[in-house]
Amino acid sequence: MPFSTLVPGGFAISDDPLLLDLGVIHRFLSQETYWAKGRSRKMVERSIAHSLSLGAYASDGEQVGFAQVIGDRTTFAQLSNVFVLPAWRGRKLAEGLVAAALEHPELTTVTHWILRTKDAHGLYQKFGFSLTEPDVIDMELHRNLPPAT
Ligand SMILES: CC(C)(COP(=O)(O)OP(=O)(O)OC[C@H]1O[C@@H](n2cnc3c(N)ncnc32)[C@H](O)[C@@H]1OP(=O)(O)O)[C@@H](O)C(=O)NCCC(=O)NCCS
């Protein structure tokens, strides 16, 4: 049974994969973001197939926002690929997406949430996210992809 919630302004947020507009998601991620520029449609689809995705929808069903949760659905989750299409910004839709992720019934036992952002710290701080202490516990690995992935 898909999870869905209504947010002010007549928008709905749902985790139903059948509602996702992969064209909108791929276009935005591959063309408009600083973190996924050039990502192939195949990679976007594969990533969505292996994670929990939330879409934000206008009353006519148009997809206007997106957020993805990657993790084991038990202890750890990474919030990623959060966006709201430009025409729909400033209506608390991103806040609705983050709230829906944190409150999602499949994720109630997740205690460790991470995310990366260049400039949207204020959005996530509203939900208790804070900057991690650098160089103390967190480690990361950045690998270059082989050509034609
Ligand atoms: C960031 C983004 C998702 C915000 O979407 P939105 O629906 O307009 O945001 P909301 O209306 O829910 O409100 C966001 C709140 O976070 C705050 N905020 C902090 N940093 C922000 C940022 N970089 N952009 C927009 N809002 C930001 C806003 O001030 C607002 O709080 P306020 O109403 O108290 O002023 C949207 O601007 C977007 O898609 N940007 C391009 C993609 C991106 O950068 N995504 C985030 C990657 S980590």
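## Reading a ligand site, a core and a buried histidine

A polar contact of 2.8 Å links the side chain of His104 to that of Asp15.

Reader: What is a polar contact?

Author: A polar contact is a pair of N or O atoms within 3.5 Å; within protein, one must be able to donate a hydrogen and the other to accept it, and residues adjacent in sequence count only if both atoms are side-chain atoms. Before we go on, this is a predicted model, where local features need pLDDT of at least 70 and side-chain atom pairs pLDDT 80 or more, while totals for chains, interfaces and linings use all residues. Residues are numbered from 1 along each chain as its sequence is written, and side-chain values use heavy atoms, leaving out hydrogens and water.

Reader: Is His104 buried or exposed?

Author: Buried means under 20% relative accessible area, exposed over 50%, and partly exposed in between (1.4 Å probe, protein chains only). His104 counts as buried because its relative accessibility is 1%. His104 sits in the loop between α3 and β6 (112–114); helices (H or I, at least four residues) and strands (E, at least two) are DSSP runs, numbered from the N terminus.

Reader: Which residues is His104 in contact with, leaving aside neighbours within four places in sequence?

Author: Contact means heavy atoms within 4.5 Å. On that basis His104 meets Phe3, Asp15, Leu52 and Leu54.

Reader: How do I read a nonpolar core?

Author: In soluble globular proteins, nonpolar side chains tend to be buried together. A nonpolar core is a set of buried Ala, Val, Leu, Ile, Met, Phe, Trp, Tyr and Cys residues joined through side-chain atoms within 4.5 Å. Here the largest one has 40 residues, and Ile25, Leu54, Val69, Trp88, Leu93 and Trp113 touch the most other members. The biggest contribution to this core, 6 residues, is from α3. Not counting residues up to four places away in sequence, Trp88 touches Phe11, Ala58, Glu62, Val64 and Leu93.

Reader: Which residues come nearest to the ligand?

Author: A residue is near a molecule if one of its heavy atoms lies within 4 Å of it. There are 19 residues around the ligand, and Val82, Val84, Gly90, Lys92 and Lys126 come nearest. A polar side-chain atom of Lys92 is 2.6 Å from a ligand oxygen atom. Polar backbone atoms take part too: one of Arg91 lies 3.4 Å from an oxygen atom of the ligand, and one of Leu93 lies 3.4 Å from an oxygen atom of the ligand.

Reader: Which elements each supply at least two residues of the shell around the ligand?

Author: Those are β5 (76–84), α3 (93–103) and α4 (121–125).
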